[in-house]
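Dear colleague,

Please find below the structure that I am handing over to you, followed by a summary of what was found in it.

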There are 2 protein chains.
Amino acid sequence: MGRVICDLTIWVDGYAAGLNQSEERPFGDDGGGWGDRLHAWYADPDANRAEIERVTAAEAFIMGRNMFGPVRGGWDRQWNGWWGDDPPYHAPVFVLTHHARAPQPMTGGTTFHFVTDGIESAQAQARTAAGAGDVAVVGGAATINQYLAAGLIDELRQHIAPLTLGAGTRLFDGVPPLDLQQVSARATTAVTHVSYRVQSWAPSPERSTATFTKESSCSMRKRHRTAGDGACSTSPCPS
Amino acid sequence: MGRVICDLTIWVDGYAAGLNQSEERPFGDDGGGWGDRLHAWYADPDANRAEIERVTAAEAFIMGRNMFGPVRGGWDRQWNGWWGDDPPYHAPVFVLTHHARAPQPMTGGTTFHFVTDGIESAQAQARTAAGAGDVAVVGGAATINQYLAAGLIDELRQHIAPLTLGAGTRLFDGVPPLDLQQVSARATTAVTHVSYRVQSWAPSPERSTATFTKESSCSMRKRHRTAGDGACSTSPCPS
């Protein structure tokens, strides 16, 4: 069976977006244009070819509604993502939302599916769609944090832009301690790529487990070796 | 003139130590032994020779009192650091403290000097001691954050251990946005080494500057190209 991987571009201090994100400023308060520099590595495909190809190699994708777009609440306004008529995914993309919407096919093979019953449902649907291929959770950081906290990520690929931001949405916020295995590290012109396999999802016995709810069944999580009491977390679905 | 560099070993989420540090547990709540894994790379000198040699290549060192030891308040108890009779620095080490103490010479050329008048005084004394050599700010994270916030660091070397902790003392907390230049990235057996030159120390015009106090003179900081209004920060000295 394929893996569940995630790719996230972050600043050196772990932020993936600034405060006050909007349609005009998708990365929010980004220090005055530093949002553009965050993803500048995509504009240098020769230097970053292997990593760019890996990002879109998955057979199905999952993203949070905040990454999909700035529209909130019911889908009163037609919004089909930031990527024009032909998004780069060319595969099913499962968008987490609280508001039902019919699937939205796009040019080039991308279809946006809207999932209203939580991150595990989205993963199950993406797994079915991907077959033996990989599923990629592509962001934003809040969505990736939910999947990490639930022990559902096999491999984490950070793309670290050489800036710090100081405020915003941050990778690992609310995620219990993780035991990782280094896969690779490589600096190119505008970014450092660092990949890890998630070895265990391990709320430590000496840390408070007040935020974790024991569940009778968490078989999907059990494939990660757990330390401590192996309690499972439940996380709210993004709006 | 030599540079001011800093070396800090961190977990992947930026923490350098857990909560509740004590003499018995120098890294505090560390997930149950993960503090040992944080610095495991020092125990593999063949794999990490270049980085280990760089850590101690400076001609003078600066550290916070919390890194020097767990003793607080007046120096009622003789404490000469965690490193035995022959600390690895073999050069003057300037320890930030609010409590005066006579210099403490050790075997092998290390002498601990205790500085009570702030981070800039410590840097000036270390610069004099280092001559044309480098000055290294070696930690902990709270001390490095003060130097970064004051625009006094030329090069930042992260040594990233493949774990996340989730709580503790974190690199970059309270530091305004930094524009960095990648120097190198390398993964060895137990750590990923990533180095940056600090290009500018740039409190952004669109971010609140309420925490920054304009000063009439900050010539030491001016050697960094500043964006925004170039305001200088003042940070309290650690106890």
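How many cavities of 30 Å³ or more does the count come to? The model is a predicted one, and the count comes to one such cavity. The volume of this largest cavity is about 230 Å³. A total of 23 residues line the largest cavity, and those closest to its centre are A:V12, A:D13, A:G14, B:V12 and B:G14. Several elements give two or more residues to this lining: from chain A they are β1 (4-11), β8 (155-161) and β11 (192-201), and from chain B they are β8 (155-161) and β11 (192-201).

Chain A has 239 residues, of which 54% count as buried. Among the contacts in chain A with a separation of 6 or more, 66% are accounted for by residues 24 or more positions apart.

Aromatic residues deserve a paragraph of their own. Over all chains, the structure holds 18 aromatic pairs. One of these joins A:F68 and A:W75: the ring centres are 5.9 Å apart and the planes stand at 75 degrees, so the pair is edge-to-face. Both A:F68 and A:W75 are buried. In chain B, the rings of B:F68 and B:F114 have centres 5.5 Å apart and planes at 75 degrees, so this pair is edge-to-face. Because B:F68 lies in helix α3 (residues 65-68) of chain B and B:F114 in strand β6 (residues 111-115) of chain B, the pair ties together parts that are 46 residues apart in sequence. B:F68 and B:F114 are both buried.

In chain A, ring pairs link A:F61, A:F68, A:W75, A:W83, A:Y89, A:F112 and A:F114 into a cluster. One member of that cluster, A:W75, has A:R65 over its face, at 3.6 Å from the ring centre. In chain B, B:R65 lies over the face of B:W75, at 3.6 Å from the ring centre.

Two further sites in chain B may be of interest to you. Helix α5 (residues 141-149) of chain B is mostly covered, with eight of its nine residues buried. The buried residues of α5(B) are B:A141, B:T143, B:I144, B:N145, B:Q146, B:Y147, B:L148 and B:A149. After α5(B) comes B:G151, which has a positive phi, near 70 degrees.

Is B:R3 buried, partly exposed or exposed? Its relative accessibility is 34%, so B:R3 counts as partly exposed. Leaving aside residues up to four places away in sequence, B:R3 touches B:R127, B:G133, B:D134, B:V135, B:D154, B:E155 and B:R157. For B:R3 and B:E155, which are 152 residues apart along the chain, the C-alpha atoms are separated by 7.7 Å.

Yours sincerely

Methods: Residues are numbered from 1 along each chain as its sequence is written. Chains are lettered from A and ligands numbered from 1 in the order in which they are written. This is a predicted model: local features need pLDDT of at least 70, side-chain atom pairs count only at pLDDT 80 or more; totals for chains, interfaces and linings use all residues. Side-chain values use heavy atoms; hydrogens and water are left out. Rings of Phe, Tyr and Trp (its six-membered ring) pair if their centres lie within 6.5 Å; planes under 30 degrees apart count as stacked, over 60 as edge-to-face and the rest as tilted. Buried means under 20% relative accessible area, exposed over 50%, partly exposed in between (1.4 Å probe, protein chains only). Helices (H or I, at least four residues) and strands (E, at least two) are DSSP runs, numbered from the N terminus. A charge sits over a ring if NZ of Lys or CZ of Arg is within 6 Å of the ring centre and within 35 degrees of the ring normal. On a 1 Å grid over the protein atoms alone, a cavity is a set of points where a 1.4 Å probe fits but cannot get out, and a pocket is an open set with protein on both sides within 12 Å along at least five of seven lines; lining residues have an atom within 4 Å of a point. Grid points are joined across faces, edges and corners, and a volume is the space filled by probe spheres set on the points. Contact means heavy atoms within 4.5 Å.
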